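Here's a quick briefing to read with the model open beside you.

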Amino acid sequence: MSANIVATPVSAGGILYVGSSYEKRALMAIRITGASGDITDTDHVLWQRSRGTPYVPSPLLYGESLYYLTHYQNIITRIQAESGTDDPGAFRLGGIGNVYASPVGAGKHVFVTDLDGVTLVLTHSPIPRLVAVNRLGEKVSASAAIVDREIFLRGDKHLFCLAEGE
């Protein structure tokens with residue numbers, strides 16, 4: 001890993017997923033049970049990648065999938081979390097630019113918000129599809145927070161709460 005790790009690691013089932021792309025591009029899955037010291041060349045490192053790795057946005061572990069953005073650009077990759085294999089791999093997110101907010105998932109959807117406050121809603125399905133593009137009209141760099149059936153987005157000047165109408 002690089003010396004400047006910004007993305008927050010995520011974990012489930014005793015596996016830690018860590019990534020960086022500032023000085024060194026790296027993404028890896030680490031079995032944490034029994035791991036200590038330098039585990040570089042041990043079987044604790046389940047898999048690793050050195051291309052298209054995350055920098056600012058943290059990865060999203062959603063079900064059996066791991067989603068992550070390349071650096072902070074509009075390219076998202078979905079892989080099988082446990083094996084590290086492409087599922088379906090990397091694809092470009094049209095309609096958005098730089099992304100600092102981490103992707104979030106809820107209700108079988110993945111939400112990706114860029115710095116201009118544009119949120120893409122993708123299906124969490126074998127082939128992700130774009131189902132909505134939402135524009136706040138305000139810059140957003142903070143990750144969305146999901147509570148029950150509401151999504152909270154913090155813009156430069158306002159806190160937004162998005163929810164279904166009754």
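Asn-74 sits in the loop that links strand 6 (65–69) to strand 7 (75–80); strands here are DSSP runs of E, at least two residues long, numbered from the N terminus. Bear in mind that this is a predicted model, where local features need pLDDT of at least 70, side-chain atom pairs count only at pLDDT 80 or more, and totals for chains, interfaces and linings use all residues. Residues are numbered from 1 along each chain as its sequence is written, and side-chain values use heavy atoms, with hydrogens and water left out.

- Asn-74 counts as buried because its relative accessibility is 14%; buried means under 20% relative accessible area, exposed over 50%, and partly exposed in between, with a 1.4 Å probe and protein chains only.
- What does the side chain of Asn-74 make a polar contact with? The partner is the side chain of Arg-92, at 3.0 Å.
- A polar contact here is a pair of N or O atoms within 3.5 Å; within protein, one must be able to donate a hydrogen and the other to accept it, and residues adjacent in sequence count only if both atoms are side-chain atoms.
- Setting aside neighbours within four places in sequence, Asn-74 is in contact with Phe-91, Arg-92, Leu-93, Ile-96 and Gly-97, where contact means heavy atoms within 4.5 Å.
- His-71 is found in the loop between strand 6 and strand 7 too, and its phi is near 50°, a positive value in a residue other than glycine.
- At 18% relative accessibility, His-71 counts as buried.

- Four strands make an open sheet in the order 5-6-7-8, with antiparallel pairing; two strands pair if DSSP finds at least two bridges between them.
- Strand 5 (60–62) and strand 8 (86–92) are at the edges with a single partner strand each, so one side of each has no neighbour in the sheet.
- Strand 7 pairs with strand 8 in the antiparallel sense over five bridges, and Ile-76 stands opposite Phe-91 in strand 8.
- Pro-88 has its place in strand 8, and a cis peptide bond with omega of about 5° joins Asp-87 to Pro-88.

- Strand 2 (residues 15–20) and strand 3 run antiparallel and are joined by six bridges; they form a hairpin with five residues between them.
- Gly-19 has Leu-27 in strand 3 as its bridge partner.
- On to strand 4 (residues 45–49): strand 3 pairs with it in the antiparallel sense over four bridges, and the bridge partner of Met-28 is Gln-48 in strand 4.
- Is strand 3 (residues 26–31) largely enclosed or left open by the rest of the structure? Five of its six residues are buried, so strand 3 is largely enclosed.

- Asp-148 is found in the loop between strand 13 (145–147) and strand 14.
- Asp-148 is not a glycine, yet it has a positive phi of about 50°.
- With 76% relative accessibility, Asp-148 counts as exposed.
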